[in-house]
Amino acid sequence: EPPGLMVERVVSGSPAQQMGLKKNDYLVTLNYYADGKWREVPIANNSAEEAVKFLTHVRKLGPGAPIMLHVVRPVANELLFMRPISGTLGEYEITP
């Protein structure tokens with residue numbers, strides 16, 4: 001399990017959906033702009049305490065406040081095959 005807080009659901013039409021968050025994403029850091037500079041809040045793990053900390057910061061900022069999230073998105077393992085393109089030097093064709 002990656003570090004951070006796992007997104008369990010994304011409400012249709014919500015700011016989270018508009019931002020591009022998806023179910024099973026992991027939020028690793030919250031960055032927000034306050035007092036003339038960007039501040040970073042690390043999200044250590046997928047615990048209730050971290051969820052409360054994250055939501056508390058977001059609610060304090062209010063609607064429309066600029067934020068950035070570092071998101072880790074689990075992806076399926078995939079094998080890719082490479083083969084040289086005949087007649088070329090150092091060029092490869094990649095096929096799934």
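Partly exposed means a relative accessible area between the buried limit of 20% and the exposed limit of 50%. I keep that at hand for the entries below. The model is predicted.

**Entry: aromatic rings**

I looked for aromatic pairs and found 1 in the structure. The partners are Tyr 33 and Trp 38, with ring centres 5.4 Å apart. Their planes stand at 65 degrees, so I note the pair as edge-to-face. A pair of this kind is described by the distance of the centres and the angle of the planes.

How exposed is Trp 38? Its relative accessible area is 42%, so I write it down as partly exposed. I then looked up Tyr 33. At 41%, Tyr 33 is also partly exposed.

Next I turned to the backbone. Most residues other than glycine have a negative phi. Where is Asn 24 found? I located Asn 24 in the loop between α1 (15-19) and β2 (26-34). Its relative accessible area is 36%, so Asn 24 is partly exposed.

I found Asp 35 in the loop between β2 and β3 (37-42).

Conventions. Residues numbered from 1 in each chain as written. Predicted model: local features only at pLDDT ≥ 70, side-chain atom pairs only at ≥ 80, totals over all residues. Heavy atoms only, no water. Phe/Tyr/Trp six-rings, centres within 6.5 Å; stacked < 30°, edge-to-face > 60°. Buried < 20%, exposed > 50% of the residue type's maximum accessible area, 1.4 Å probe, protein only. Helix = DSSP H or I, 4+ residues; strand = E, 2+ residues; numbered from the N terminus.
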